[in-house]
There are 2 protein chains.
Amino acid sequence: MRLFGTSEVIDNELVIGGVATSTLKEKYGTPLYVFDETGIDEKINTFKNHFKSRFFNTNIIYAGKAFLCSYLVKQLKSHQLSLDVVSGGELFVAKHSGFDTENIYFHGNAKTYEELEFAVRENVGTIVLDNLSEATILNNILSKSNKTQRVLLRVNPTIETDTHKYIQTSNDDSKFGMTFQEALQFLEELNHLSHLDFKGFHCHIGSQIFDSKSYFTEAKRMIEFYSDVQKEFNLKLDELNLGGGFGVYYTKGDQPLQLENFLNEYIDVLENYIREYDIDVETISIEPGRSLINDFGTTLYNVSHIKPSSHFDFLLIDGGMNDNLRPSLYEAKYTAAIANNMNANKTTDYRIAGKLCESGDVLIENIKLPKANINDTLAVPSTGAYTESMASNYNKIPRGAVVFVKDGDTHLAVERETYEDLIRNEVF
Amino acid sequence: MRLFGTSEVIDNELVIGGVATSTLKEKYGTPLYVFDETGIDEKINTFKNHFKSRFFNTNIIYAGKAFLCSYLVKQLKSHQLSLDVVSGGELFVAKHSGFDTENIYFHGNAKTYEELEFAVRENVGTIVLDNLSEATILNNILSKSNKTQRVLLRVNPTIETDTHKYIQTSNDDSKFGMTFQEALQFLEELNHLSHLDFKGFHCHIGSQIFDSKSYFTEAKRMIEFYSDVQKEFNLKLDELNLGGGFGVYYTKGDQPLQLENFLNEYIDVLENYIREYDIDVETISIEPGRSLINDFGTTLYNVSHIKPSSHFDFLLIDGGMNDNLRPSLYEAKYTAAIANNMNANKTTDYRIAGKLCESGDVLIENIKLPKANINDTLAVPSTGAYTESMASNYNKIPRGAVVFVKDGDTHLAVERETYEDLIRNEVF
């Protein structure tokens, strides 16, 4: 298991943020989502220090859908990051956590009328439009209060990437955004939508992308497009938002971009294309979500049972697809370790299966671990993104707690659900 | 769209349980899970009337993981059904709804210590053991309070079925249960576990099975096994629990068993094998979940936007993979209709996409519908099972409400979540 951030092994035990995993388990129970605050801080600084240019402003926008809670929102705020929300609910969490709505980008392919109203009421800085229907409805809402709204438009530069079809977004039949051609038509329509203050385009080529060339191709296509638009429409485009999708490490096969080098090179490429195509853009934004958070989340489980089987032993944990859907949904691969026995030889083949009543609820198909015992702690690293955020109460299992650790201190960010929580909205 | 239960079209509009879908939308908003109480009543009666024998008792056990709420639990109770729970949470819901715990079967491959303690404390009628570890822990818990617990043991008769690998459970590497051979060893161990009152075996061959032969093969294998066990161990096996998995209709390709005929034939087959193998069993149980509920759940959405695309138009709804995960998770197929325009010609090709910020969030890839308008109501039938029960707050979207309809009346069973619900467990 690769150790990220402040994770270390002390006395044969996994320690995160200076806190022993045994302490975390005892204090908060399992399943437990543990976040390494220092790790996140450092990653944010890497983004801020290396995605920086002398020729244009840069903006790091955290994609909240990867994982969002108030404690994290406050951390983002202290770093002066912007925030990408994709629903009224995410906007609500951000606002409730004291985040300046001016620094929020509201994304999504199908914002409801109520969500658009909510965004306008809360003075969200930028709404990223997906389609003409949305633009028309937003303009109507704005006209009622005689407001003007800063907007971007999502376009698809149609770049093929080699990622799971569910997380590849920038192709022809994508539900998101518009083709360049459709976008040009849209700009014609903009004249009729006088409450929209159009400031540029957003694009996003997918998720878990390990190949810098895809980003450089995207940059070229977008800047070329900006150049065309500037010529044709005589529009001042303040911002170019290039989305995210920077791949992260889950298991041995994954080779993420070395972030500092990649960001430096990305900036060079952007500066060069801007010069070459002679476009005038004030701000270039990127939207890391998973890449900012994933390395620094570790899920802790209790080993409930060990069960012999023909090809391996089953290591049965007290969680499953309700707290981490990714193996079932995307066939995502993870690694794991026995947090209370980190140094022992890995002698035994295990299949790690969850407790949900469904055959597909297998967290790791095959892994070699030290011989495990009931009540051992299983640590699954690289689970910061798209785990807690996708959690459900399937099988009526209460969702786990979220704790941040830093310099030996713990901060409970989200309490474990109780059985009572499961029936809170039932009408008796 | 096939109309199940009380669903009908009146004045061009879909009406369920005598209530117009426009009324439901107005009163409860969307997305809304609508359940047809009469349909469920009738289906329960079909199971009760046709799974009946002169030679043994029968027991219909509803598999709560398909969908569970207090209102439904009370309906099951009034029909004197038993209930299959798979977690402490499901047990809690059942108990809280006044269900007699004596009629509960506690399933699952990895029950935690706390769950086993909870089940013992609440006097759950039957615990279905999965493995020796669980049996040993349960016996220890029981010894503390000097109680005896009625138990079954889950075995795998290894029957190959042609369903999705995630929902096929009865093969060699399944995380559930034991092989026959392992079960025989287990019976040897039972002598040391004096607080367990072993009453028989449980098996379950998978889900969405359309082939009666799989069930008849399962019945033969199990009865043959009972005969072997009775001879070898001189054990009185009271109950044979054959699980569920009866396939339901989602779209045109699906051909569910004609239930009355199938159940009649199933009983004949069971009676014959029991005679042939001369086994002595008091009760045979089956566990319908999806097949009892799925036809009678309809999800209503609002059409937020319509967006042109090259091969079809996108019909963008106010829900998605957070309220119905099955298309993303299992590539499940659904049909749909415009609930406020049921009779018009289907002229237009749509892709129905959800509002979640993920390319995979597509509910129906391609469907012909009447030309749709913004604020139309989209009805997706056959969504009673594994929709609400798997719902999440992914993208921080509040979960939808659940309403039961019957004879023109509505009963709100689960209230829609609010934005406040999203942060209820956050620590500020």
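Q: Where in chain A does C357(A) lie?
A: In this predicted model, C357(A) sits in the loop between β16 (348-353) and β17 (362-369) of chain A, where strands (E, at least two residues) are DSSP runs numbered from the N terminus. Residues are numbered from 1 along each chain as its sequence is written, and local features need pLDDT of at least 70. Chains are lettered from A in the order in which they are written, and side-chain values use heavy atoms, leaving out hydrogens and water.

Q: And is C357(A) buried or exposed?
A: C357(A) is buried, because its relative accessible area is 11%, and buried means under 20%, with exposed over 50% and partly exposed in between (1.4 Å probe, protein chains only).

Q: What is C357(A) in contact with?
A: Leaving aside neighbours within four places in sequence, C357(A) is in contact with N395(A), K65(B), V86(B), G108(B) and F176(B), where contact means heavy atoms within 4.5 Å.

Q: Which UniProt annotation covers C357(A)?
A: The unreviewed UniProt entry gives "active site" for C357(A), though such annotations may be inferred rather than shown by experiment.

Q: Switching to chain B, where is P288(B)?
A: P288(B) is placed in the loop between β12 (283-286) and α10 (290-293) of chain B, helices being DSSP runs of H or I with at least four residues. P288(B) counts as buried, at 1% relative accessibility.

Q: What does P288(B) touch?
A: Not counting residues up to four places away in sequence, P288(B) touches F47(B), I60(B), I61(B), Y62(B), A63(B) and F246(B).

Technical notes
Predicted model: local features only at pLDDT ≥ 70, side-chain atom pairs only at ≥ 80, totals over all residues.
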